[in-house]
There are 2 protein chains.
Amino acid sequence: MARSPTTADAFNAIAESSRRELLDVIGGDEVTVSELVLRSGLSQPQVSKHLGVLRAVGLVLVREEGRHRWYRVNGPALKPIHDWVLPFARTWNARLDRLDDLLTELKTTEKPQ
Amino acid sequence: MARSPTTADAFNAIAESSRRELLDVIGGDEVTVSELVLRSGLSQPQVSKHLGVLRAVGLVLVREEGRHRWYRVNGPALKPIHDWVLPFARTWNARLDRLDDLLTELKTTEKPQ
DNA sequence: TTGACGTATGCCGATATTGGCATACATTAG
DNA sequence: CTAATGTATGCCAATATCGGCATACGTCAA
């Protein structure tokens, strides 16, 4: 047997720092591959391959426009990771213990738009 | 070049689901290896090897007692992961946008022990 | 049509992993 | 002392990765 494929899930996909970096660079924007090559310093094939992995696990979404590909981060795909870490986060950040209460409270307090 | 070693950092270490499971099983307790073997269903050598990886990245701490090894989770070692995901979490959970304000507010409100 | 541009793929070598089984090591029981 | 218990390691085979370089493909410009 071997290690799980990087395309197995979000956990494996983000194990590679280059891919986390790409997600960081994309951020909340919609970016083109060549733009990512410039901003990341990685080679073009490298960027395309990493994007392929991120695409495979749904961490990025693409919009095709002519010969360009506009990539953007698909946040919710990271939810499993956030959900998995949260319980442990409570152990080092006591204030997170109150998070649930706070969110509930906030939900009640805030005005719907 | 090859994939980063699993012992490179917490991100790589938790990419393997068996290791996440072990961390979940340990939870907030202090558990013995044989205890983990029973609760996880993994073979003893497998558990020991995975624990070795988790130890290498500081995700677990051990206390030696005779021929027993008591393992416990070292929460803070997961902080880099939590920190990395948080910004993205805000994109799918709008309420997290207010988290900082809330924490600050709570900090002011709560009484020191 | 021909060529330039933007992306994705293919092939390669080097490397590290995972589970299984056997086994070594240290500690405690008889 | 000898055996049993609790853990860690070693070796193996199968697999998948990552970067580099070349190259294929589709689209738009002259």
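User: How many bridges join strand β1 of chain A to β3(A), and do they run parallel or antiparallel?
Analyst: Two bridges connect β1(A), residues 31-32, with β3(A), and the strands run antiparallel. Bear in mind that this is a predicted model.

User: Which residue is the bridge partner of Thr32(A) in β3(A)?
Analyst: Trp70(A) is the partner of Thr32(A).

User: And how many bridges are there between β2(A) and β3(A)?
Analyst: Six, with β2(A) covering residues 60-65 and pairing with β3(A) in the antiparallel sense. Within β3(A), His68(A) stands opposite Glu65(A).

User: What about the hairpin of those two, how many residues lie between the strands?
Analyst: Two residues separate β2(A) from β3(A) in the hairpin, and Gly66(A) has a positive phi there, near 60°.

User: Zooming out, how do the elements of chain A run from the N terminus on?
Analyst: The order is α-α-β-α-α-β-β-α-α, which comes from six helices and three strands.

User: How much of chain A counts as buried?
Analyst: 42% of its 113 residues. As for contacts in chain A with a separation of 6 or more, 46% of them are between residues 24 or more positions apart.

User: Changing topic: DNA strand C. How many residues surround it, and which are the closest?
Analyst: There are 28 residues around DNA strand C, and the closest are Met1(A), Ser34(A), Gln44(A), Tyr71(A) and Lys49(B). Of the atoms of DNA strand C that come within 4 Å of the protein, 59% belong to sugar and phosphate.

User: What does Ser34(A) come up against on DNA strand C?
Analyst: A polar backbone atom of Ser34(A) is 2.8 Å from a phosphate oxygen of DNA strand C.

User: And Gln44(A), where does its side chain go?
Analyst: To a base: an N or O atom of the Gln44(A) side chain is 2.8 Å from a base nitrogen of DNA strand C. From chain B, Arg67(B) has a polar side-chain atom 3.4 Å from a base oxygen of DNA strand C.

User: Which element gives the most to the surface near DNA strand C?
Analyst: α4(A), with five residues. The elements that each supply at least two residues are α3 (33-40), α4 (44-56) and β3 (68-73) of chain A, plus α2 (17-26) and α4 (44-56) of chain B.

User: How do the residues of that surface near DNA strand C divide into nonpolar, polar and charged?
Analyst: Nine are nonpolar, ten polar and nine charged.

User: Back to α2(B). Is it mostly covered or mostly open?
Analyst: Mostly covered, with seven of its ten residues buried. Among the buried ones are Arg19(B), Arg20(B), Leu22(B) and Leu23(B).

User: What follows α2(B)?
Analyst: Gly27(B), which has a positive phi near 55°.

User: Now the sheet in chain B: what is the strand order?
Analyst: The three strands of chain B form an open sheet ordered β1-β3-β2, with antiparallel pairing. β1(B) and β2(B) stand at the edges with a single partner strand each, so each has one side without a neighbour in the sheet.

User: How many bridges join β2(B) to β3(B)?
Analyst: Six, and β2(B) and β3(B) run antiparallel. Across that pair, Val60(B) stands opposite Val73(B) in β3(B).

User: Last one: which strands does α4(B) lie across, and at what angle to β2(B)?
Analyst: α4(B) lies across β2 and β3 of chain B, and runs at about 115° to β2(B).

Key
Residues are numbered from 1 along each chain as its sequence is written. Chains are lettered from A and ligands numbered from 1 in the order in which they are written. This is a predicted model: local features need pLDDT of at least 70, side-chain atom pairs count only at pLDDT 80 or more; totals for chains, interfaces and linings use all residues. Side-chain values use heavy atoms; hydrogens and water are left out. A residue is near a molecule or strand if one of its heavy atoms lies within 4 Å of it. A polar contact is a pair of N or O atoms within 3.5 Å; within protein, one must be able to donate a hydrogen and the other to accept it, and residues adjacent in sequence count only if both atoms are side-chain atoms. Helices (H or I, at least four residues) and strands (E, at least two) are DSSP runs, numbered from the N terminus. Ala, Val, Leu, Ile, Met, Phe, Trp, Tyr, Cys and Pro count as nonpolar, Asp, Glu, Lys and Arg as charged, and the others, Gly among them, as polar. Two strands pair if DSSP finds at least two bridges between them. Buried means under 20% relative accessible area, exposed over 50%, partly exposed in between (1.4 Å probe, protein chains only). Contact means heavy atoms within 4.5 Å. Axes are lines fitted to C-alpha atoms, for helices over the stretch in contact, and angles run from 0 to 180 degrees between N-to-C directions.
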